[in-house]
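Student: I would like to learn how to read salt bridges in a protein model. Could we work through an example?

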Amino acid sequence: MIDRATRDKLIVALDLPTYDEARALVDRLGDTVSFYKIGLELLFADGLSLAQELKREGKRVFLDLKFLDIGNTVEHAVRAAAKLGVDFITVHGHDTKTLTAALRGRSGSDLKLLAVTVLTNLDQTDLDEQGIAATPSGLVIGRARMAEKAGFDGVIASGQEAAAVRAETDPQFLIVTPGIRLPGAETGDQTRITTPEDALRFGANHIVVGRPINAAPDPKAAAETFLAHIAKA
């Protein structure tokens, strides 16, 4: 029997184009999954309505909004999002001004703020193209330190950097890891991937899984497989 704390380590990404498809997946997964991520694709297809439904049903909800704008805009956007009562929201962790604006916006709420360090589909070539001299791991660690110093609750970081982030931050600092694949599975458009066991062993608190569950012939069985790997870890 898998307890709620273990189930909460798995966040299923509802990366689907319509409300109906996302709702059908949630209903199919039932009590197997307790935590969901809603990103930009679903956001514009009644994703916020679904987020509120999920909260009413006792689920946890992560809005992957990746805010990045001038401080005033970020502050007010986070304040509006916090009123939805969701659990996590993401902000790009590029600079302290953006981070502190988000902190002002969430003031008075229980919302946890996560800084996006480096997207898991980016590698050194992509950073070079952006004019960033740091390595992916160096940039992740630097941004994680900055987020923690600013007062953020945690970061989004690949499993390949989770151990280094964990070593550089407080034990209570959250690490949420996307780019998760089972051993031998297709990587898709992800570059810096890890298995569930490695991500958790390296220090991740939650893993985010999308296509390996929502595109599986039997999503519930796929989710149960990931939960078994989490429990083993």
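Tutor: Start with a group of charged residues. In this predicted model, a network of salt bridges links Arg4, Asp8, Lys55, Arg60 and Asp87.

Student: What rule decides that two residues form a salt bridge?

Tutor: The rule is a distance: a side-chain nitrogen of Lys or Arg must be within 4 Å of a carboxyl oxygen of Asp or Glu. The count here comes to 16 salt bridges.

Student: How far apart are the closest N and O atoms of Lys37 and Asp15?

Tutor: They are 3.7 Å apart, and the two residues form a salt bridge. Lys37 is in strand E2 (residues 35-38), while Asp15 is in the loop between strand E1 (10-13) and helix H2 (19-29); the pair, 22 residues apart, links distant parts of the chain.

Student: Is Lys37 buried or exposed?

Tutor: Residues under 20% relative accessible area are called buried, and those over 50% exposed. Lys37 counts as buried because its relative accessibility is 8%. Asp15 has a relative accessible area of 37%, so it is partly exposed.

Student: Which residue forms a salt bridge with Glu57?

Tutor: Arg23 does, with the closest N and O atoms 2.9 Å apart. Glu57 sits in the loop between helix H3 (40-56) and strand E3 (60-67), and Arg23 in helix H2, so this pair ties together parts 34 residues apart in sequence. Glu57 is partly exposed, at a relative accessible area of 43%, whereas Arg23 is buried, at 13%.

Student: What does the salt bridge between Asp153 and Arg106 tie together?

Tutor: Take the distance before the location. The closest N and O atoms of Asp153 and Arg106 are 2.8 Å apart. Asp153 lies in the loop between helix H7 (136-150) and strand E6 (154-156), and Arg106 in helix H5 (residues 96-106), so parts 47 residues apart in sequence are tied together. Asp153 is buried, with a relative accessible area of 19%, and Arg106 also counts as buried, at 15% relative accessibility.

Student: How many positive and negative charges does the protein chain have?

Tutor: There are 27 positive and 32 negative charges, and their mean positions are 5 Å apart.

Student: What share of the residues in the protein chain is buried?

Tutor: Of the 233 residues, 53% are buried. The radius of gyration is 17 Å, which agrees with the value near 17 Å for a compact globule of 233 residues.

Technical notes: Residues are numbered from 1 along each chain as its sequence is written. This is a predicted model: local features need pLDDT of at least 70, side-chain atom pairs count only at pLDDT 80 or more; totals for chains, interfaces and linings use all residues. Side-chain values use heavy atoms; hydrogens and water are left out. The radius of gyration is taken over C-alpha atoms; the globule rule is 2.2 Å times the number of residues to the power 0.38. Buried means under 20% relative accessible area, exposed over 50%, partly exposed in between (1.4 Å probe, protein chains only). Lys and Arg count as positive and Asp and Glu as negative; His and the chain ends are not counted. The place of a charge is taken as NZ of Lys, CZ of Arg, CG of Asp or CD of Glu. Helices (H or I, at least four residues) and strands (E, at least two) are DSSP runs, numbered from the N terminus.
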